Structures are given as C-alpha cells and as structure tokens.
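Please open the model in a viewer and keep the selection panel at hand.

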Amino acid sequence: IALVSSGGVVPRGNPDRLESSAATKWIGYSIAGRDALPSGEYECIQAGFDTFHSNRDPHRVVPLDVCRTLEGEGRIGDLADTYYVTVGNLTPVASAEHFAREIAGRLRATGVQGVILTAT
C-alpha cells in the first residue's frame with residue numbers, strides 16, 4: 001500500500017520547493033522506518049485551504065500514523081517506503097494526469113498493489 005496526496009505535506013521548509021498552487025511537479029519522500037510525520041518536521045504548503053490544523057497535525061492530510069497501526073495489526077499489507085506528494089490547488093488537469101501516470105509507473109515498478117490517495 002502506498003500513500004499519495006495532493007495535499008502538499010512536505011518536510012519543514014519545503015526543501016524541494018513544491019509550489020503551493022499550480023504545481024509543476026510531484027515529489028517522493030522516504031517514510032521508511034517512520035511511524036509519524038511530526039509537525040515540527042513536516043508542514044502543509046497547500047494554498048487552497050487553511051492549513052492551520054494540518055500544520056499542527058500533518059496526519060490530517062497524510063495518515064501515516066494510522067496506516068502504520070493498520071500495518072502492524074495486519075489489516076493492510078506492507079506500507080511502501082516512499083510517500084508521493086503534489087498540490088492540487090489550481091494545478092491544470094493535464095499536469096495532474098501526467099503526474100498520475102508517472103507516480104503510477106513508479107508504484108507498479110515497486111510492486112505496490114494499492115494506494116491511499118488523500119486530497120484536501
């Protein structure tokens with residue numbers, strides 16, 4: 001199972017400069033060995049909604065904490081080591097379709113059989 005989001009949750013400081021609207025790219029971040037996305041280490045840069053609550057708890061957008069619990073209970077399979085993110089706000093449909101094809105290709109290549117896709 002992989003986590004994919006158009007919600008814009010990135011490492012604090014947005015080191016890869018994902019746009020907050022009209023995204024031109026997607027980014028993959030390692031979550032290998034992580035059980036959580038702490039608010040001091042991750043933030044939501046999405047410009048299409050009020051990010052106050054998602055910055056206090058990034059799991060409101062990317063449910064890594066719950067997914068690790070479900071994985072541990074055997075209720076879902078292994079969680080993929082990479083989380084994929086972009087921003088949906090004002091992103092052209094053609095760009096979003098292109099991102100989806102690229103991400104899906106990566107997921108297939110790594111044997112992912114299911115995705116939890118979150119949006120805002």
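Begin with helix H3 (93-109), which gives the most to the lining of the largest pocket, with six residues. The model is a predicted one, in which local features need pLDDT of at least 70, side-chain atom pairs count only at pLDDT 80 or more, and totals for chains, interfaces and linings use all residues. Residues are numbered from 1 along each chain as its sequence is written, and side-chain values use heavy atoms, with hydrogens and water left out. Helices (H or I, at least four residues) and strands (E, at least two) are DSSP runs, numbered from the N terminus.

**The largest pocket**

In total, 15 residues line the pocket, and Val 4, Ala 96, Ala 100, Ile 103 and Leu 117 lie nearest its centre. The space inside amounts to about 270 Å³. A pocket here is an open set of points on a 1 Å grid over the protein atoms alone, where a 1.4 Å probe fits, with protein on both sides within 12 Å along at least five of seven lines; lining residues have an atom within 4 Å of a point. Grid points are joined across faces, edges and corners, and the volume is the space filled by probe spheres set on the points.

**The sheet**

Next, select the open sheet of four strands, whose order is S3-S5-S1-S6, with mixed pairing. Its edge strands, S3 and S6 (115-118), each pair on one side only. From one strand to the next, the twist averages 20°, taken between axes that are lines fitted to C-alpha atoms, with angles running from 0 to 180 degrees between N-to-C directions. Two strands pair if DSSP finds at least two bridges between them. Zoom in on S1 (residues 2-5) and S5 (residues 82-85), which pair in the parallel sense over two bridges; Ser 5 has Val 85 in S5 as its bridge partner.

**Salt bridges**

Now show the charged side chains. The whole structure contains five salt bridges, each being a side-chain nitrogen of Lys or Arg within 4 Å of a carboxyl oxygen of Asp or Glu. Select Asp 35 and Arg 68, whose closest N and O atoms are 4.0 Å apart. This pair links distant parts of the chain, 33 residues apart: Asp 35 is in the loop between strand S3 (27-30) and strand S4 (42-44), and Arg 68 is in helix H2 (residues 64-72). Are the two residues buried or exposed? Asp 35 is exposed at 54% relative accessible area, whereas Arg 68 is buried at 14% (buried means under 20%, exposed over 50%, partly exposed in between; 1.4 Å probe, protein chains only).

Move to Glu 41 and Arg 34, a salt bridge with its closest N and O atoms 2.7 Å apart. Glu 41 is partly exposed at 38%, and Arg 34 is also partly exposed, at 24%. Then select Arg 75 and Glu 73, where the corresponding separation is 3.4 Å. Arg 75 is exposed at 62%; Glu 73 is partly exposed at 48%.

**The cysteines**

How many disulfides does the structure hold? There are zero, a disulfide being a pair of cysteine sulfur atoms within 2.5 Å. The sulfur of Cys 44 is 17 Å from that of Cys 67, its closest cysteine sulfur, and therefore too far for a bond. Cys 44 is buried at 5% relative accessible area, and Cys 67 is buried at 2%.
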